[in-house]
Each structure stands twice: as C-alpha cells, then as structure tokens.
Amino acid sequence: MRTLVLHAGDHTACPYGINLFPGPGFPVTGVRPLRGRLPRKLRDVVEHRTHTMVDVPLRAVPGVRNAELVLGVLEPVTALAAQLKRRDVPPYAGTLLVMISC
C-alpha cells in the first residue's frame with residue numbers, strides 16, 4: 001500500500017514508529033521540507049492569518065495522486081487535508097486519510 005506521510009518535518013524521523021512502516025509492498029514517502037527564505041515567509045504569513053497549517057497538505061497534492069493512503073501526523077498538519085476530503089476536493093477526495101492523534 002503506497003503511503004504518503006503528512007508531517008511538518010522529515011517523515012523518516014517522525015514519532016510513533018512511522019520509520020518502521022516501510023517494507024515489502026508498503027512504500028512510504030513524505031513531503032520535502034520547504035526551502036528558501038521567501039517561500040518560508042509566505043507560508044508563515046498565510047498560516048498565521050488563516051490559523052491553519054496549509055503548507056504541507058498543499059505541497060503534498062502531487063504525492064497524494066499516487067498514494068493509496070495518506071497518513072497525517074497530528075491534527076494541525078492533517079486539518080486542511082481532512083477539510084478538502086470532506087468537501088470532495090481531488091486528490092484527497094478519493095484517497096484514504098488516517099490521522100495519528102494524541
């Protein structure tokens with residue numbers, strides 16, 4: 001099952017043992033961290049004004065198209081993806097979405 005991990009940092013260093021998931025038939029990918037001063041500043045402004053973490057779910061869209069499962073790590077990163085799925089916005093609409101919460 002092709003899995004995409006929504007996490008604000010490096011998905012291989014995520015908590016909760018996500019690094020143990022990859023194996024035969026279970027490839028795990030993530031979203032690369034945002035680079036560059038201007039993109040980070042724009043992200044900070046948008047997220048501050050909307051009170052929603054938009055960077056990771058929006059940059060994950062190309063990966064979601066190839067994934068069978070989207071695994072969100074904690075609520076802030078997964079909130080926008082859940083809203084898009086609830087409103088039937090592709091590609092989140094046709095992909096399983098699971099969130100790890102504490």
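This is a predicted model: local features need pLDDT of at least 70, side-chain atom pairs count only at pLDDT 80 or more; totals for chains, interfaces and linings use all residues.
View 1. Four strands make up an open sheet with parallel pairing, ordered β2-β1-β3-β4. From one strand to the next, the twist averages 25 degrees.

**View 2. Pairing of β3 with β4.** Strand β3 (residues 69–73) runs parallel to β4 and is joined to β4 by five bridges. Within this part of the sheet, Leu71 stands opposite Val98 in β4.

**View 3. Helix α4 packed on the sheet.** Helix α4 spans residues 75–86 and touches β1 (3–6), β3 and β4. The direction of α4 makes about 155 degrees with that of β4.

**View 4. The buried face of α4.** Val77, Thr78, Leu80, Ala81 and Leu84 are the buried residues of α4. Seen down the helix axis, these buried residues fall within an arc of 155 degrees, so they line one face of α4. An α-helix has 3.6 residues a turn, so residues three or four places apart point the same way. The cover over the buried residues of α4 includes α2 (55–59) as well as β1, β3 and β4.

**View 5. The outward face of α4 and the residues that follow.** Pro76 and Arg86 are exposed and sit on the face of α4 turned away from its buried side. Just after α4, Asp88 has a positive phi of about 60 degrees.

Terms used: Residues are numbered from 1 along each chain as its sequence is written. Side-chain values use heavy atoms; hydrogens and water are left out. Two strands pair if DSSP finds at least two bridges between them. Helices (H or I, at least four residues) and strands (E, at least two) are DSSP runs, numbered from the N terminus. Axes are lines fitted to C-alpha atoms, for helices over the stretch in contact, and angles run from 0 to 180 degrees between N-to-C directions. Contact means heavy atoms within 4.5 Å. Buried means under 20% relative accessible area, exposed over 50%, partly exposed in between (1.4 Å probe, protein chains only). The arc is that of the directions from the helix axis to the C-beta atoms.
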